[in-house]
Amino acid sequence: MAAVDSFQLLYREIARSCSCYVETLALVGACYTASKAVIFMRDCYSLIRLHFIPRLVSHRDLSQQYGQWALICGASEAIAKAYAEELARHGICVILISSDISNLGDTAKAISDTYGVEAILIEADFSQGPSACKPIKDAISSKDIGFIVNSLDGSLDLSQGFKDLSESIVWDTINRNIVAATLVTRLALPNMVDRGKGAVVNISDGLCLCPTSRKAALSASTAFLDNFSRSLHYEYGHRGVFVQSLLPFRVSSQGSEGYGPVGWLVPSPQVYASHALSTLGISHRTTGYWPHAIQFRLAQCMPEWVWMLGSRIFTRAT
């Protein structure tokens, strides 16, 4: 009996001496829970403010806000093509730039016929160096360029080890994704800065979040476009130029039998472009599409080794 009394007495003494620590831990836990709740509510508010409210407001006059012409680099890409069509729907004339314009003739004609705006095609191979810039300079010399849209070249999305890539593919990756975006932006940006208005949209990829196995060159290109956008934002945002980095995840691609499977996680290029354009002027760095925003947040919370494991599994599956 004495042993039991001694244990109970010891327990009471220990509990009394530790009560302040228990209360402190409880307070820390409550503060942590409250902070997570505030962050969750903030994220939900940001999601609604960015992706839902702008689509409910009245039509914006983009030509008045930014300018009458849009310069679309990488116009052969599905997202860039859809973005050009979406701009044309708002009355913006477009200049479509690609290293191969053979498949853009119908697109340009459809844009002109459907929306009643001008659509100009320019073939520019940036592997040729400065000479590729001349036709672009001539085309924009007398035009009110309000939009610069640079798109990542998805045709270079090859699941190969870096050492297995040919030199031509490596050069194409650099020229089409890094050189093209940099030079086209440099050509049209000075006029935007002088006028105090304009928008630069760089369409990158969610791959920029983490390094991706067997896609080293393309993954690095996505990170370049994202960092390029963010740097330009801090450099020229206060001078009236809105710079946006778009980081989409998977968007349905066009094949010989039309577009691939489409769903709420994998939208068609037209649906994605419509959502992305509604975020212009609101967010400087966004996925452009609300289900992708959820994927982006989950990817940010994911340890890098989990990301790498998932990318390897997905690469083998495709």
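Which residues make the nonpolar surface patch of about 340 Å²?

**View 1. A nonpolar surface patch around Phe-52.** The patch of about 340 Å² is made by Ile-48, Phe-52, Ile-53 and Val-57. Patches consist of residues with over 30% relative accessible area and no salt bridge, like charges being joined within 9 Å and nonpolar side chains (Val, Leu, Ile, Met, Phe, Trp, Tyr) within 5 Å. Phe-52 lies in the loop between helix H1 (2-51) and helix H2 (62-65), and Phe-52 counts as partly exposed at 34% relative accessibility. Here buried means under 20% relative accessible area, exposed means over 50%, and partly exposed lies in between, with a 1.4 Å probe and protein chains only. The model is predicted, so that local features need pLDDT of at least 70 and side-chain atom pairs count only at pLDDT 80 or more, whereas totals for chains, interfaces and linings use all residues. Residues are numbered from 1 along each chain as its sequence is written, and side-chain values use heavy atoms, with hydrogens and water left out.

**View 2. The protein chain as a setting for the close-ups.** The secondary structure of the chain comes to ten helices and nine strands, where helices (H or I, at least four residues) and strands (E, at least two) are DSSP runs numbered from the N terminus. The radius of gyration of the chain is 25 Å, well over the 20 Å that the globule rule gives for 318 residues, so the chain is more spread out than a compact globule; this radius is taken over C-alpha atoms, and the rule is 2.2 Å times the number of residues to the power 0.38. Along its principal axes the C-alpha trace spans about 100 × 50 × 35 Å, and buried residues make up 41% of the 318 residues.

View 3. The side chains of Asp-43 and Arg-297 meet in a salt bridge at 3.6 Å, N to O, the term standing for a side-chain nitrogen of Lys or Arg within 4 Å of a carboxyl oxygen of Asp or Glu. This pair links distant parts of the chain, with Asp-43 in helix H1 and Arg-297 in helix H9 (residues 290-301), 254 residues apart. Asp-43 is partly exposed, with a relative accessible area of 22%, and Arg-297 likewise counts as partly exposed, at 39% relative accessibility.

View 4. Arg-230 forms a salt bridge with Asp-226, the closest N and O atoms being 3.5 Å apart. Both residues lie in helix H7 (residues 216-236), four residues apart, which is about one turn of the helix. Arg-230 is partly exposed, with a relative accessible area of 39%, whereas Asp-226 counts as buried at 4% relative accessibility.

View 5. Seven strands form an open sheet with parallel pairing, in the order S3-S2-S1-S4-S5-S6-S9; two strands pair if DSSP finds at least two bridges between them. Strand S3 (119-123) and strand S9 (285-286) stand at the edges, each with a single partner strand, so one side of each is left without a neighbour in the sheet. Strand S2 (residues 93-98) pairs with S3 in the parallel sense over five bridges, and Ser-98 stands opposite Glu-123 in S3.

Notes:
Accessible areas come from the Shrake-Rupley method with a 1.4 Å probe; for residues, only the protein chains shown count as cover.
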